[in-house]
Amino acid sequence: MFATLGLETTDEAVYREMVESPALGVEEIAARLATSSDRVRACLDKLFELRLIQESFEAPGRFVAVEPAVGLQQLLARQHDELIERQRQIAASHASFVRMLAHTGTRPSDGGGVERLEGMDAVQRRLQELAREAVREVLTFMPGGPQSAAALRAARLNDGHAMDRGVTIRTIGLDGVREDAATLDYARWLTDQGGEFRTAASLPPRMVVVDGASALIPIDPDDTRKGALYLSGPALLAPLTALFDQTWERSAPLDSGPTLSGHERALLSYIAQGHTDEFAARQLHISPRTARRTMASIMERLGARSRFEAGLKAAQLSWL
């Protein structure tokens, strides 16, 4: 998990030492970790750049650790913004690619090519054909937020036929579909049938790729009702498949993790700030035993081996 945040093993170890023993200096940290002072200083530079440590107000020239919950929230927020920008750039490049093909389209031959499908009826007919012909996998971008009832019915029908034959279905929708009952119901139906569904904060234009051999993309990304381009051939399909795989890795599974009640969130917040179970229990008007039991349950659900790790994972999941 820490590697995804830009932290290597030694960076994490130095940060842990600074959180747990604030009075330690560079030489002492190096001795504890059995590494060199120069290596510790390099880690400090990286942690400072990531805003996980800051200069002490009381002792200028000395670094102190930022509270895990605060530091990780800042780091995750920055990475989230960078991810959104990368996805925006990908989407813009993909849209330019689509518009270029729309003006240079030719009917596919055995070597591949581009065919224009005018209107939604033509698109739906081709989707049905592709669903019947698929033998390995169907990859789909589902941008635009909540889907129409007609689109969801068609998706269930086509996906159902494909999955009945053992075809793998992977779909990525926008994060907002988690708040739409109808689209979320389709997503859960898909996963119940053996398909996979993930969400992302932003997506390239709508796209369906079948068996890495053919694809449908909109003629106009801003108005999908105008129709679609049918693409075939490895030269055109390889970059689209790579785009999907890259976006898939950065997307969140439909059930990406458990949620917290308000009571559990408050407890975890106190613990992440370095307070004891007893302090948190007093603030929440519960017994220390209840606080310990609740915290143990949270750690188990997070798969965390320590309270420190629980704080980091909770921040990554935006629980704090």
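Visitor: Which residues do ring pairs link into a cluster?

Guide: Ring pairs link Phe141, Phe244 and Trp248 into a cluster. The model is predicted: local features need pLDDT of at least 70, side-chain atom pairs count only at pLDDT 80 or more, and totals for chains, interfaces and linings use all residues. Residues are numbered from 1 along each chain as its sequence is written, and side-chain values use heavy atoms, with hydrogens and water left out.

Visitor: How is a pair of aromatic rings described?

Guide: By the distance of the centres and the angle of the planes. Rings of Phe, Tyr and Trp (its six-membered ring) pair if their centres lie within 6.5 Å; planes under 30 degrees apart are stacked, over 60 edge-to-face, and the rest tilted. The count by this rule is 5 aromatic pairs. One of them, Tyr186 with Phe197, is edge-to-face, at 6.3 Å centre to centre and 80° between the planes. Tyr186 belongs to helix H7 (residues 181-192) and Phe197 to strand E6 (residues 196-200), 11 residues apart, and the pair links distant parts of the chain. Helices (H or I, at least four residues) and strands (E, at least two) are DSSP runs, numbered from the N terminus.

Visitor: Why is the pair of Phe244 and Trp248 stacked?

Guide: Their ring centres are 5.8 Å apart and their planes are at 20°, so the pair is stacked. Both residues lie in helix H8, 4 residues apart, about one turn of the helix.

Visitor: Are Phe244 and Trp248 buried or exposed?

Guide: Buried means under 20% relative accessible area, exposed over 50%, and partly exposed in between (1.4 Å probe, protein chains only). Phe244 is buried at 0% relative accessibility, and Trp248 is buried at a relative accessible area of 4%.

Visitor: Where do the buried residues of H8 fall, seen down its axis?

Guide: The buried residues of H8 include Leu236, Leu240, Phe244 and Trp248. Seen down the axis, the buried residues fall within an arc of 155°, so they line one face of the helix. That arc is taken over the directions from the helix axis to the C-beta atoms. Pro234, Ala235 and Glu249 are exposed on the other side of H8.

Visitor: Which charged residue lies over the face of Trp248?

Guide: A charge sits over a ring if NZ of Lys or CZ of Arg is within 6 Å of the ring centre and within 35 degrees of the ring normal. Arg170 lies over the face of Trp248, at 5.0 Å from the ring centre. Arg126 lies over the face of Tyr230, at 4.6 Å from the ring centre.
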